[in-house]
Amino acid sequence: MIAETVCSAVSAAGLGIAAVTAYRKRFLSAARIAAYSLVPVGLVMTGVVGWAADTAFSPTAWAGFVVLGGAWLLFTGTRAVERRRGGTRKERRAAKASAQPDAVAPAASAPSLGPAARPAARPAAAPRAQSGDDFSDIEAILKKHGI
């Protein structure tokens, strides 16, 4: 009963503000304010306000929201774990069965997968520039900017 009265008062105040706005020749704003002010009365007339008030003060409804939240957490948690593991159990078994540890190409004499026979040669490290060369680059930049 109180919620319906408050919604009616809010709507009446909003319609009053819309009338003042229309009097000031701002008809588009007045129409928008009138539309917003009619929403609470519409909610009261459809029964949404009564349902929301009954739900807000019902321990059973809050317990239902807690159960729904727990179900949502379980669902998202299991999806995250499934994605991290790489799919369903069938998909993991199929991937494990198809993976062969030492696959050999048809015309190869040695396994194509596995450790290389010799490590790849690393390129020789370039000799370090002298400290004077480093500062010459900085000096060139500063001269370019007139400093």
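The following questions and answers walk through a predicted model of one protein chain.

Student: Which conventions apply to the numbering and the values?
Tutor: Residues are numbered from 1 along each chain as its sequence is written, and side-chain values use heavy atoms, with hydrogens and water left out. Because the model is predicted, local features need pLDDT of at least 70 and side-chain atom pairs count only at pLDDT 80 or more, while totals for chains, interfaces and linings use all residues.

Student: How many helices and how many strands are in the protein chain?
Tutor: Helices (H or I, at least four residues) and strands (E, at least two) are DSSP runs, numbered from the N terminus. Read from the N terminus on, the elements run α-α-α-α-α-α. The count is therefore six helices and zero strands.

Student: What share of the residues of the protein chain counts as buried?
Tutor: Buried means under 20% relative accessible area, exposed over 50%, and partly exposed in between, with a 1.4 Å probe and protein chains only. Among the 147 residues of the protein chain, the share that counts as buried is 8%.

Student: Is Ser-37 buried or exposed?
Tutor: Ser-37 is placed in helix H2, and its side chain reaches the backbone oxygen of Ala-34 at 2.8 Å. Contact means heavy atoms within 4.5 Å, and, leaving aside neighbours within four places in sequence, Ser-37 is in contact with Ser-11, Gly-14 and Leu-15. Because its relative accessibility is 5%, Ser-37 counts as buried.

Student: Which residues does Thr-21 touch, not counting residues up to four places away in sequence?
Tutor: Thr-21 has its place in helix H1, which covers residues 2–23, and with a relative accessible area of 11% Thr-21 is buried. With those sequence neighbours not counted, the residues that Thr-21 touches are Arg-26, Ser-29, Ala-30 and Ile-33.

Student: Which residues form the nonpolar patch on the surface?
Tutor: Patches are made of residues with over 30% relative accessible area and no salt bridge, where like charges are joined within 9 Å and nonpolar side chains (Val, Leu, Ile, Met, Phe, Trp, Tyr) within 5 Å. Helix H2 (27–46) and helix H3 (48–56) each supply at least two residues of this patch, and Val-39, which lies in helix H2, counts as partly exposed because its relative accessibility is 44%. Together the members have about 380 Å² of accessible area, found by the Shrake-Rupley method with a 1.4 Å probe, where for residues only the protein chains shown count as cover. The members are Val-39, Leu-43, Val-48 and Trp-51.

Student: Which side chains meet in a salt bridge?
Tutor: A salt bridge is a side-chain nitrogen of Lys or Arg within 4 Å of a carboxyl oxygen of Asp or Glu, and by this rule the count comes to one. The two partners are three residues apart in helix H4, so they are separated by about one helical turn. Glu-82 is partly exposed, with a relative accessible area of 26%, and Arg-79 is partly exposed as well, with 35%. At 3.4 Å, N to O, the side chains that meet are those of Glu-82 and Arg-79.

Student: What is the phi of Lys-25?
Tutor: Most residues other than glycine have a negative phi. Lys-25 has its place in the loop between H1 and H2, where Lys-25 is exposed, with a relative accessible area of 64%. Although Lys-25 is not a glycine, its phi is positive, at about 65°.

Terms used:
Polar contact = N/O pair within 3.5 Å; in protein donor to acceptor, adjacent residues only side chain to side chain.
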